[in-house]
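Open the model in your viewer and keep the selection panel at hand. The tour below moves from one selection to the next and says what is found at each stop.

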Amino acid sequence: MDFKFTEEQVQFREEVKEFVTTEKEKGIFPFGNNCWMHLSSMEFSKEVAKNGLIGIAWPKEHGGRGMGYVDRVIMLEEMFRAGAPVAYHFMADRQVAPGIIHFGSDFLKKEFLPKIRNAEVCFCLLFSEPDAGSDLANCRTTAVEEGDYYIVNGQKVWTSNGHIADYGWALVKTNLDPAVSRYNAFSEMVIDMKSPGVTVRPLINSAGAHSFNEVYFDNVKVPKEYLVGTKDNGFRQIMTNLDFERAGIERLMQNSLTLDSLKDYVKTNDKGGKPLSQDPLIRDSIAKLEIEFEVGKLFIYYVASLLDKGKIPSYEAAMGKTFCTLYEAKLADVATTLMGLPGLLMPGSPEAPCNGMACEDYLWSPSYTLQGGVVEVLKNIVAQRGLKLGRKKK
Amino acid sequence: MDFNFNEEQQMVYDSTKKFFEKETSGTLLRELMEDDKGYSPEVWKKMAELGWMGLLFKEEYGGFEGSFLDFALILEGMGKSAMPSPFLSTVILTGLIIQDNGSEELKKEYLPKIAEGECISTLAFLGRKGLYSKSELELEAKQVNGGYRISGAASFVPYAHVADNILCAAKTTDSEGVTLFMLDGKAAGIETINLHSISGKGVDCLVNFRDVQATPAQIVGEAGKGWEYIEAQWPKVAVALSCECVGGMDRVMELALNHVNERIQFGKPLSALQVVQHMCVDMAMKLETSRHTAHYAAWQINEGLDCTKEAAIAKSWCGEAFKVVTKIGHQLTGGIGFSEEFDLFLYTRNAKKLELLFGDGSFQRAIVADNIGL
């Protein structure tokens with residue numbers, strides 16, 4: 001049992017901290033909460049790329065640094081702590097590239113890995129549909145073979161940054177035989193978002209932000225080379241992706257700046273001549289948040305250490321995401337409660353503390369426990385795969 | 001970063017597990033709750049033979065200079081077995097305080113005996129309200145003729161009635177601080193009264209001191225520094241208790257999962273119900289997060305790193321988690337789980353006690369709040 005970071009890791013953390021500080025001080029990039037979902041800057045991502053911080057966990061032969069998942073957590077911890085705008089390259093780095101490395105053809109590897117590595121392309125994820133949220137296998141978007149192409153028809157929803165993306169990483173139905181199980185009916189493919197027939201429409205979320213989109217496919221021609229892995233094996237391929245998607249520290253730190261602004265607020269605001277931070281109840285509430293954050297962070301590092309050992313965290317990632325996203329939602333709630341009415345002023349309002357960060361966070365917070373796997377479904381996964389409950393007895 | 005046991009730690013964990021599987025039984029645990037000694041001398045002797053008491057002491061005092069991580073794993077096993085004993089009060093609350101602060105004479109006199117399991121000892125430092133605060137001490141040591149007379153009371157002193165020695169914390173009237181005196185457990189003027197607590201009839205004591213004599217040679221370390229000496233052990237105690245909680249939660253999960261998998265209602269095992277599954281997951285999350293948090297803090301202690309914050313995090317987290325797990329455990333095991341015949345109640349009682357010992361959640365969170373500069 002050894003919780004020590006290696007010297008290389010300690011140095012790497014410093015390297016990332018320095019990079020992020022330098023970029024923040026330039027004052028030209030958007031830093032803030034929800035940075036991996038919503039703050040997109042190709043210029044910033046190009047700086048990230050220049051500093052060798054995209055693809056750090058890819059094997060070296062594919063342009064990566066061959067570093068581990070613990071290293072990736074270290075890097076992202078420092079980036080999210082500052083609220084760095086990583087959205088342009090985040091999805092591609094986190095799961096598209098690993099998907100291409102594991103399942104993609106040489107063509108796909110050559111075509112996309114260098115571009116992702118250099119922040120030259122932005123990928124969005126095309127999974128959810130109006131009829132397929134938690135029940136992803138209920139997708140209806142089809143991809144029918146026609147000569148050298150697949151013809152794609154259908155619709156995707158909740159597509160983060162679909163309006164910015166150059167390419168989409170799509171789950172589409174390639175087997176329409178009703179006798180075939182749903183789980184063997186899908187393929188993964190890359191879709192050029194600029195193809196004729198692709199229409200992107202904005203979806204405004206509860207926080208009033210344009211982050212999500214609807215994406216319509218009307219006879220979109222996708223070259224066959226853009227199929228990822230094996231036809232009809234897409235669902236299983238996605239399942240392996242999901243553990244990576246759920247395991248990250250972005251599940252804990254999407255709103256980490258809110259905790260900083262809360263601590264600041266109580267230290268710099270008084271009641272009855274004493275700082276709010278001297279109130280025992282306020283101290284207890286903030287300590288609770290701090291503790292839950294530290295407990296969640298340790299768990300994320302645990303899941304990363306499993307990945308580094310080559311283990312598949314089939315239920316641990318789900319457990320970690322459940323715990324961490326519940327904390328994120330709690331943070332937003334407690335922050336607005338402790339800050340009182342000023343905490344309900346929106347960004348841009350006169351008098352808003354920390355430019356309305358807490359209020360905005362609270363409006364985003366319902367999404368934390370929903371996106372990428374709702375907490376209740378994740379608990380099902382932990383129960384079935386982790387605790388082996390609900391299995392039929394032989 | 002490696003969260004797993006190494007070979008040695010796995011051995012300690014497995015052998016502790018085996019030991020308690022052999023030595024503990026539901027019958028014994030229930031007997032001990034009624035027993036006026038509150039612990040089993042036979043099991044105590046066997047623990048001593050395994051070298052558990054000597055693990056944290058230096059070789060020159062008869063110890064094994066072992067790892068705090070190993071010690072933590074033993075505590076986890078104790079928590080899982082629910083076996084009560086004067087282990088913590090002897091080893092940490094007396095032994096380590098003496099090892100870290102006592103004179104050579106005191107160390108040579110007591111540590112070898114403690115390491116061998118030949119000396120049971122305990123710390124008397126809480127007032128009758130059980131508040132962990134220097135200002136609430138109810139013991140006073142008056143200087144008389146070159147010596148001291150100690151009077152007052154201390155409560156919630158575990159195993160004072162069977163202790164060979166009582167380390168007592170008294171306010172010294174001549175100086176600002178608190179002084180620790182190593183007393184004979186049966187010294188004249190000491191009266192121990194068994195309290196009937198949630199742990200049973202023979203564990204917690206109220207100890208009255210009436211002009212108990214003490215010499216300067218019985219002072220541990222420097223006069224007036226006693227409270228600091230106790231505080232210095234706080235992280236170790238907090239982490240040890242956290243590990244006990246982890247072990248306890250482990251067993252409660254076993255009991256609950258067994259039950260929900262076996263119990264048939266409406267034609268299906270309870271475990272087929274989604275709500276039941278989610279409750280089990282809630283328990284598992286408490287257990288797994290507690291496990292890592294306790295191990296991390298134990299590792300830091302082992303490395304000699306300052307872990308005031310992490311020890312407080314562990315105790316607040318694990319102490320409350322164990323309690324919650326027992327509550328979920330009761331909900332899942334229904335009437336059967338509520339009967340005295342079922343072992344769950346042993347853990348429910350332990351969990352409530354452990355939640356409060358050496359500072360409940362809010363006490364620990366105050367430490368964290370200080371630590372983060374609020």
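**Domains of chain B**

Begin by colouring chain B by its domain assignment, which gives domain 1 (7-120), domain 2 (122-224) and domain 3 (228-371), the bounds coming from an automatic or database domain assignment. This is a predicted model, in which local features need pLDDT of at least 70 and side-chain atom pairs count only at pLDDT 80 or more, while totals for chains, interfaces and linings use all residues. Residues are numbered from 1 along each chain as its sequence is written, and chains are lettered from A and ligands numbered from 1 in the order in which they are written.

Next, select domain 1 and domain 2 of chain B, whose centres, taken over C-alpha atoms, are separated by 22 Å. Their contact takes 21 residues from domain 1 of chain B and 19 residues from domain 2 of chain B, where two residues are in contact if their C-beta atoms, placed from the backbone, lie within 7 Å.

On the side of domain 1 of chain B that touches domain 2 of chain B, show α2 (26-34), α5 (87-101) and α6 (104-116) of chain B, each of which supplies at least two residues; helices here are DSSP runs of H or I with at least four residues, numbered from the N terminus. The largest share of that side, six residues, comes from α5(B).

**Between the chains**

Now select both chains: 34 residues of chain A are in contact with 34 residues of chain B. On the chain A side, α9 (256-268), α10 (280-308), α11 (316-339) and α13 (375-386) each supply at least two residues, and α10(A) gives the most, with 14 residues.
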